[in-house]
Amino acid sequence: MTADSLMESVRKARRGVGIAGPGRPRRAPRRRPTTRGMTFVLFAVPSVLLLLLLNLYPLLYAGQQSLRNGSLVDAGSFVGLQNYTGILTSQSFWHATEFTVVFTLVGVFGSWAVGLGLALLLRPGVPARGALKVLLLLPWVVPIVVSSTSWNWLLATPQSPVPLLAKHLGFGDVLFLADPALAQVTVCAFKVWVSFPFMMMMMASALTSVDSTIYEASRVDGASGWQTFRLVTLPLIARPTYISWILMTIFCVNDFPTVFLLTGGGPVNSTQTLVVLAYTTVFQDFQTGPGIAIAFLMTIVLVAVSVTLYRQIRKARIE
Amino acid sequence: MSARWWRFIALTLIAVVVLVPLVAVVALSVQPSLGSAATGPTWENYVKVFTQTNISSWIGNSLLVTLATVVVAVVIAAPAGYVLSRGRGRLVVGFSLALFVIQSLPVITAVIPLFILFAQFGLVDTLGGLVVIYVGATMSVAIWMMAAYFDSIPITLEEAAWVEGCSVFGSFTRIVLRNSLPGILSTAIFSFLLAWNDYLVAVVFLRSAQNYTLPIGLETFFQQDQTNWGPVMAVAVVMMVPPIIVFAVLNRFFSVGGIGGSLAGR
């Protein structure tokens, strides 16, 4: 994270940060505007073309196809809003929406709390810091296919290690993946396990940008550890925290493998999220229209939310 | 005992608990199967996997797809990141907003129409088709990461070069890129992880067994024989070793912290 703190200070220096807070960013010099502008356009073109092909086209196609009764090989005929009314009146859609919300809330705040806690413990000074950091990042680095296989081995049947342990401790038969309510808890726990390292990295880099003399100052003023954390540290990392919540919300809502590989959406659809529902509707039930309509509804909501949030981040910067 | 040792002990305990699932994978992969002559740790599961499955072709496919994704992603994201870092004005702000919106789109929405589109061009069930989608999927974060790193390079160097008559392109390749190895590595690591670990795109697009990448290979193998954990875990170990090595060696270059900065603007 050294590059980060360096970057932060360079950025601050460039802004000329004073007592009154950061000033406006310096304007780039307008030297040779035409050739420079042309080069910039050329620089951006490959990525823009790729993103248009891979995002705009599918979006338009999905929007149009959600109004038809086609399949993966056939465009089908126009059916109006039938797919949407079908979805919006189906119980499985609302159930999946509900679980997506729960899964996202637990995923975001659970992994944030764990990640921030670990980032605080990992502040410079702790012995073997680098090794501990790499070890704690592993759940995020290892493929979900691998970790879900392992969690399955640990939890899936009554003969698995963790249920056996629970039985020995007197909890009786704990069916982590077979009981609908418990499976929801397990999936959320798995998501936190997978995601906390990302939050740990985000928070660690936010903490390094906090000037360490401010901690000394608050200690001199007689603040306790908790007071320092709540009144000094938290407000100072509020912005990176907010951004990390937004990113993690997006990751959680769009997450497919974490749920699908652990439970496949079961038992009795209790852990079905909207993405899993869209996937199974299209690729297992072969109902392309309704499946695309689910995905498209999600997309519209996400785009609206993300544009709003983006505006807010930008506005907060100027204030 | 001082506070830093308490922190060390707490972190070690947490790490031990957190890593149980990964240690279990390794332990099971070297455990002799039922009816085997071996008593201690053994390589037999690995021997079995390499002789009886297509794992070498899965590894080859995964490596090919991942390396192609990394190279193409860096080549496309670096200049775009430069625009985001140095550019000002409405177009750049629009570009930045577009990247954020695109990052928030569910992959599933893109996958279904792309499956239909790619089918028309014969790109379904090809590794090339996979690379195109992976590069697209890395783009937003890759561009933010490159931009975040470019921000740390003072623009004065480029200004001096321009005064000397160097073009923007020349100053980008000769000054900026040359000093951006950590930023490039960070982007490369991110795209490596995305491509190597992906399950959703591969499971939709890959149909024939000879094109399987490791995640799909492991998953089909797991579905075939759910009770025989040893060989399954041997495949899992093969699959998790490359990202772990990459991360252990290069982790000091990897930083997601910059994402926030470039996302929110400077």
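**Exercises on a predicted two-chain model**

In this predicted model, 85 residues of chain B are in contact with 89 residues of chain A.

**Exercise 1.** Determine which helix of chain B gives the largest share of the side that touches chain A, and how that side divides by class.

*Solution.* Begin with the element: helix α6 of chain B, residues 107–120, supplies ten residues, the largest share of this side. Then sort the side of chain B that touches chain A by class: 64 residues are nonpolar, 13 are polar and eight are charged.

**Exercise 2.** State which residues Met203(A) is in contact with, once its neighbours within four places in sequence are left aside.

*Solution.* With a C-beta cut-off of 7 Å for a contact, the partners of Met203(A) are Gly115(A), Leu116(A), Ala119(A) and Ile237(A).

**Exercise 3.** Characterise the secondary structure, burial and contact separation of chain A.

*Solution.* Count the elements: chain A has 14 helices and zero strands. Next, take burial: 41% of the 319 residues in chain A are buried. Finally, consider the contacts in chain A with a separation of 6 or more: 66% of them join residues 24 or more positions apart.

How values were computed. Residues numbered from 1 in each chain as written. Chains lettered and ligands numbered in written order. Predicted model: local features only at pLDDT ≥ 70, side-chain atom pairs only at ≥ 80, totals over all residues. Contact = placed C-beta atoms within 7 Å. Helix = DSSP H or I, 4+ residues; strand = E, 2+ residues; numbered from the N terminus. Buried ≥ 20, exposed ≤ 12 C-beta atoms within 10 Å, placed from the backbone. Nonpolar A, V, L, I, M, F, W, Y, C, P; charged D, E, K, R; others polar.
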